[in-house]
Amino acid sequence: MTPFSPIELWLMAFVTLAIFSFLYKDNPVYRLVESIFAGLSAGYYFGLVWDTVLMQQVVDPIKTDSSNLYLIIPALLGILLFSRLTQKWSYLSRVPLAFVIGSTSGIFITSRLQGLVLPQIRTTFMPQNVPGGSTDPWMIVVLSTIVVVGVIATLVYFYFSHEHKGVIGWTARLGIWFIMISFGAHFGYTVMGRVSLLIGRVQFLVEDWIGSFTG
Amino acid sequence: MRKTVPVVTAFVTGVIVTISFFFNEHTTLIGKVQGGILQWVTIIFGLALALGMVSITRVNFNKIKRKQEGWFYSVLVIVSVFVMAIPSALPVSWSPMFGRNEGSLYYWLWTRISEPMMATMFAMLAFYIASAAYRAFRARSTESTLLLLTAVIVMLSRIPMGEWFLRLFNESLPDWVNIYIMNGFNLSVQRGIIVGAALGAASMSLRIILGIERTYMGKG
Amino acid sequence: MNVWERLAAIDRRWIYLACGIAVLMPFIIPVSLPVYTTPEVQGVYDAVKNLPDSSVVMLTYDYYPSTLAETEPMSRAALHHLFSKDCKIVTISNIPLGGPTIAERVTRELAAQYGKEYGTDYVNLGYKANYVAVMKGLGSSIRSIFPADNSGTPLGQLPLMQEVDSYEDIDFIFIVADNATADYWVSIVNAQYGVPMCCGATAVMAPKMYAFMGSGQLKGLLGGMKGAAEYEQLIGHKDRAVRGMDAQSLIHLLIIGLVVLGNLGYFMGRREKGIGR
């Protein structure tokens, strides 16, 4: 069941096929819908900023409570970002930019270390849980060994402060094999992902659009 | 002055947010200050989103003014920007067509035109990846052979037909692919990359807060 | 020009056509092969199943319309599962381009099917900029970051949000994402606030997420359309993802065939030219 009316389905099918037409070659219909898409996306951003930032976060809170008047400051700082569009005044955008980048960096320092490095390193040197819950000790030993060796070898491969010779060279060599296996899995998943997106559009065309002809 | 104020700003905000990690956010002063800073960040960064719209309008307006090749498409871009933007900024109390809610022009245009268009643009990647797999995916060396073989095995194990096929050799084969390839080799490499990248991001953040890294300011 | 050279020089549009047919055919003649459940998807199912009824769950719509085919079935399946357990749902989007509108469209449609009321049973917070600051800021106060919901209604006027004002009031987070936000939900929210979570990720992102599964930071993982199909099957709502699996099978086989053919051409071409002897 689709929540769209027949006219809407035809419109959606038209834009879908118009975009697909690029696969044959570039053509005016594709460029037409592409331009509309670019414009609508920019307009979408405007609506979002107007409503969720300017109205919801600045204007409405000030209207309901005058003690929120301080919210004008971040709004002005945000407006200063537009000075980037000029050459003469672009340096003014540095302060709001520094405010955002400084505070985001503050979050990064703790979250990267506490949220990623520590738990990932800690669990590397613990017996791995076998997916599916198997308690076969051999499986646990093999899986845990793969994980420990793989993490060390990958880190060594990306360690460029020392020449890849001797033990480091061999470990880095092992690292590249691990990396290739992982990238192979990544490629397999990427194919799956891209194909799924195509399936989604074909599903729309067959089930929703053509399906609507037969009711 | 042009550089000192931003460096001090990044230092102060960065230090407050970092230190507040160790304090209760609801009961301590530093926790509350951090909450305020983060609220400001969402407002400042939110307004930056409008930069894109200003920029796209300016570029296309100039194209029309100079009658450059394809200027007609620029007219379409600008018309689309305003058709989407103006009704979204008008109060819903005037008409249900205004604003961003269900029933508004903004909502209708997005769900009926933009969503299918954007989904289709990315769906085309399936064709390109298939073509690339045919033309460029070669077993030229040990490394590329490893990559290729893993990709094929994983692609097989992630589809019902492939799972069925793999089970013909051994009932547990798809499970082993999941255990040893995805949760073994893949997990360890991803973990190595995550740790390396996280350490890099943390040290870069520290450089920004301390004012050593200033490239975000641009030239001048 | 020998046969291998001709094969190598084939117009790309023939490959496109073959792909198109491979995707289209299963919708005309469905096979409906069984979909096996992986432990990662079982983890998602179990995590949601084991939540006490009426728990407050945050569901994220951190995806662009470009990946709707993979992510929307995940959101729909999650909503079926959560609404059937009478969970209270708070939706949020960290994606500016389309995220809040998708959240509005999908959640309202599913809520109507379960007779759920907006404001009491579910709320769509919408979008606020800079997801790192948003995720961290919600730990202090949801209301300071989101003074109003996606439609502009002040949170104080929504009954559900009178009980929920930070991660302390949220029992579980169900991430559905097609980008780096999943990484930050784990590294900021799970690590610092201890909120349990699972993730529905696009296939492109999924390999990275295995590291978070292994570290126990994620309770479960839906990887791409296949993950969504497994979840749909587990909750008993076979929908678009399950129906897409036949096409997924056929086109994967086609691509594997193309890889084999491409390599065969490469090696035969080298042999005929006498390279590598």
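This is a predicted model: local features need pLDDT of at least 70, side-chain atom pairs count only at pLDDT 80 or more; totals for chains, interfaces and linings use all residues.
Into which domains is chain B divided?

Figure 1. Chain B is divided into domain 1, residues 1-64, and domain 2, residues 131-220. The centres of domain 1 of chain B and domain 2 of chain B, taken over C-alpha atoms, are separated by 33 Å. Where these domains touch, the contact takes 7 residues from domain 1 of chain B and 5 residues from domain 2 of chain B. On the side of domain 1 of chain B that touches domain 2 of chain B, 5 residues are nonpolar, 1 is polar and 1 is charged.

**Figure 2. The helices of chain B.** The secondary structure of chain B comes to 8 helices and 0 strands. Read from the N terminus, its elements run α-α-α-α-α-α-α-α. Chain B has a radius of gyration of 26 Å, whereas a compact globule of 220 residues would have one near 17 Å. The C-alpha trace of chain B spans about 65 × 55 × 40 Å along its principal axes. Of the 220 residues in chain B, 48% are buried. Among contacts in chain B between residues at least 6 apart in sequence, 23% join residues at least 24 apart.

**Figure 3. The helices of chain A.** Chain A has 6 helices and 0 strands. From the N terminus on, the order of its elements is α-α-α-α-α-α. The radius of gyration of chain A is 27 Å, while a compact globule of 215 residues would have a value near 17 Å. Along its principal axes, the C-alpha trace of chain A spans about 60 × 60 × 40 Å. Buried residues make up 48% of the 215 residues of chain A. Of the contacts in chain A with a separation of 6 or more, 21% are between residues 24 or more positions apart.

**Figure 4. The contact between chain A and chain B.** This contact takes 97 residues from chain A and 105 residues from chain B. On the side of chain A that touches chain B, the elements giving two or more residues are α1 (6-20), α2 (28-64), α3 (72-80), α4, α5 (137-157) and α6 (166-213) of chain A. Helix α2(A) gives the most to that side, with 24 residues. By class, the side of chain A that touches chain B has 67 nonpolar, 23 polar and 7 charged residues.

**Figure 5. The contact between chain B and chain C.** Here 51 residues come from chain B and 53 residues from chain C. At least two residues of the side of chain B that touches chain C are supplied by each of α2 (29-65), α4 (105-123), α5 (125-136), α6 (142-157), α7 (160-169) and α8 (173-209) of chain B. Helix α2(B) gives the most to this side, with 10 residues. The side of chain B that touches chain C has 28 nonpolar, 15 polar and 8 charged residues.

**Figure 6. Residue T123(A) and its surroundings.** T123(A) is in helix α4 of chain A, which covers residues 94-124. Why does T123(A) count as buried? T123(A) counts as buried because it has 21 C-beta neighbours inside 10 Å, and the cut-off for a buried residue is 20 or more. Not counting residues up to four places away in sequence, T123(A) touches G214(C), S215(C) and G216(C). V148(A) is 25 residues from T123(A) along the chain, and the C-alpha atoms of T123(A) and V148(A) are separated by 9.6 Å.

**Figure 7. Strands β2 and β3 of chain C.** Strand β2 of chain C (residues 88-93) pairs with β3(C) in the parallel sense, over 4 bridges. T91(C) has N124(C), in β3(C), as its bridge partner. Together, β2(C), helix α5 of chain C (residues 99-113) and β3(C) make a right-handed β-α-β unit. Strand β3 of chain C (residues 122-127) has 6 of its 6 residues buried, so it is largely enclosed by the rest of the structure.

**Figure 8. The two domains of chain C.** Chain C is divided into domain 1 (3-30 + 248-273) and domain 2 (39-238). Taken over C-alpha atoms, the centres of domain 1 of chain C and domain 2 of chain C are separated by 39 Å.

Notes:
Residues are numbered from 1 along each chain as its sequence is written. Chains are lettered from A and ligands numbered from 1 in the order in which they are written. The radius of gyration is taken over C-alpha atoms; the globule rule is 2.2 Å times the number of residues to the power 0.38. A residue is buried if 20 or more other C-beta atoms lie within 10 Å of its own, exposed if 12 or fewer, and partly exposed in between; C-beta atoms are placed from the backbone. Two residues are in contact if their C-beta atoms, placed from the backbone, lie within 7 Å. Two strands pair if DSSP finds at least two bridges between them. A crossover is right-handed if, with the strands pointing away from the viewer, the path from the first strand over the helix to the second runs clockwise. Domain bounds come from an automatic or database domain assignment. Ala, Val, Leu, Ile, Met, Phe, Trp, Tyr, Cys and Pro count as nonpolar, Asp, Glu, Lys and Arg as charged, and the others, Gly among them, as polar.
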